[in-house]
Structure formats: C-alpha cells, structure tokens
Amino acid sequence: MKQLPPGWVVTGFGPFGDVTENPSGILAQALSPDAVVLPVTYAAVDQFLADLSPTECLLMIGVDATAKEQHLELIGHNQVTGLVDVDGQARRGSIVPDAPARLGSTLVPAELATTLAEGNTRGLRLRTDPGRYLCNYALFCALARRPEIKSAFLHIPPFEVMSKSRQVRRARWIVEECHRAWYL
C-alpha cells in the first residue's frame with residue numbers, strides 16, 4: 001500500500017443511522033493504516049482535535065449518501081442545525097463563538113482549486129457547503145481550533161455509486177496534488 005507523505009493525518013467516520021458500514025472510515029483506512037475512524041459524535045471530533053499531535057496536514061473524510069461524485073469542501077460554516085449524533089447529543093447555533101461565519105480550507109492550494117473549478121477532473125468537484133452536521137462541524141473546528149494545521153474535508157459517495165478502488169485513487173491524487181503544491 002502506498003503511504004501518505006510524512007506529516008499527514010487522515011480521518012473517517014464510523015457507522016450512523018442507516019449507514020452501517022461507513023465508507024469514509026473504510027476509505028481513510030485504505031489510505032493509511034494509521035487513519036483515525038471517529039465515532040459520529042461532536043464529542044469525538046472535539047477530543048480528536050484537542051489530542052491531535054502537531055502535524056502539517058489533515059484530510060477528513062465523510063460520506064454524503066446522496067452524492068454521485070466526491071466533493072472537496074472549500075468552506076466550513078460556523079453553524080450547526082441541531083441534528084442528533086449517535087450518542088443522542090445535539091448542538092445548534094454557532095460552533096465557535098466570536099469566530100467568523102465561514103472559514104476556508106487551508107489544505108487545498110489555489111492551483112488545485114483552479115483545476116477543479118475548470119472541470120478538468122472527473123468524479124471530483126469543489127463545493128462550498130458541507131452541510132450543517134458533523135462533517136461541517138469537523139471542518140470548521142479544525143480550521144478554527146487548529147489553524148496551524150492545513151485542513152480539508154472530502155465528502156464521498158457510497159461505494160455502490162463510485163467504487164472503492166476509484167475513490168482510493170482519487171483521494172490519493174488529492175493528497176499528492178496538495179502535498180506537491182505545498183512542499184515540492
């Protein structure tokens with residue numbers, strides 16, 4: 001298996017609701033044997049970010065059951081809508097008081113964003129609205145609470161829509177392109 005570059009951490013999520021096998025956790029583990037698969041809880045995201053050792057890059061992955069392609073989220077919103085996590089906890093309103101309403105991904109370099117915006121990649125698109133549940137919560141918290149880490153969020157479709165092997169290749173390409181733009 002091809003390893004992530006040094007200084008990279010990748011996360012996915014575990015099961016929730018009707019998603020008994022979360023493809024985001026499976027994809028994260030396919031990218032790295034050291035991937036962190038988080039329970040779908042606000043507390044797990046908070047604890048992970050608080051305990052995260054210094055690192056350079058963080059790619060978080062979550063499933064969007066309605067997606068037909070992968071979406072690289074460029075904006076985290078300082079807002080959650082009160083949806084209940086798997087522990088029965090809900091949060092509503094601002095995620096980080098006194099923080100901006102939106103924060104931009106710090107991992108996706110401008111060149112990659114331009115390539116994607118021009119539609120030169122199949123099966124992967126830019127998006128600026130990761131919803132208002134745990135995926136958005138994770139992205140915004142990473143950007144607001146750990147600004148020293150370059151962070152991004154990748155929403156993926158179910159494997160029935162886009163095969164696991166294709167999604168692994170596409171996610172590795174994202175890592176390689178981001179790494180190349182920042183470090184090579």
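Reply: Let us begin with strands and how they pair: helices (H or I, at least four residues) and strands (E, at least two) are DSSP runs numbered from the N terminus, and two strands pair if DSSP finds at least two bridges between them. The model is predicted, so local features need pLDDT of at least 70 and side-chain atom pairs count only at pLDDT 80 or more, while totals for chains, interfaces and linings use all residues. Residues are numbered from 1 along each chain as its sequence is written, and side-chain values use heavy atoms, with hydrogens and water left out.

Me: How many bridges join strand β3 to strand β10, and in which sense do the two run?

Reply: Strands of a sheet pair through backbone hydrogen bonds, either parallel or antiparallel. Here β3 (residues 57-63) and β10 (residues 150-156) run parallel and are joined by 7 bridges; Leu59 has Ala152 as its bridge partner in β10, and Ile61 stands opposite Leu154. Strand β4 (residues 70-73), by contrast, pairs with β10 in the antiparallel sense over 3 bridges, with Glu73 opposite Phe153.

Me: What is the order of the strands in the open sheet?

Reply: The sheet has 6 strands in the order β2-β1-β3-β10-β4-β9, with mixed pairing. β2 (36-38) and β9 stand at the edges with a single partner strand each, so one side of each has no neighbour in the sheet. Neighbouring strands are turned by 25° against each other on average, direction ignored, where axes are lines fitted to C-alpha atoms (for helices over the stretch in contact) and angles run from 0 to 180 degrees between N-to-C directions. Helix α2 packs on this sheet, touching β1 (8-13), β2 and β3, and its direction makes about 150° with that of β2; contact means heavy atoms within 4.5 Å.

Me: Is β10 largely enclosed or left open by the rest of the structure?

Reply: A residue is buried under 20% relative accessible area, exposed over 50% and partly exposed in between (1.4 Å probe, protein chains only). In β10, 6 of the 7 residues are buried, so the strand is largely enclosed by the rest of the structure.

Me: Which residues have the most contacts inside the largest nonpolar core?

Reply: A nonpolar core is a set of buried Ala, Val, Leu, Ile, Met, Phe, Trp, Tyr and Cys residues joined through side-chain atoms within 4.5 Å. The largest has 27 residues, and those with the most contacts inside it are Trp8, Val10, Leu59, Ile61, Leu72, Val108 and Leu154. Helix α5 (164-183) is among the elements that supply at least two residues each, and α5 gives the most, with 5 residues. A second, separate core of 26 residues includes Phe48, Leu49, Leu143 and Ile149.
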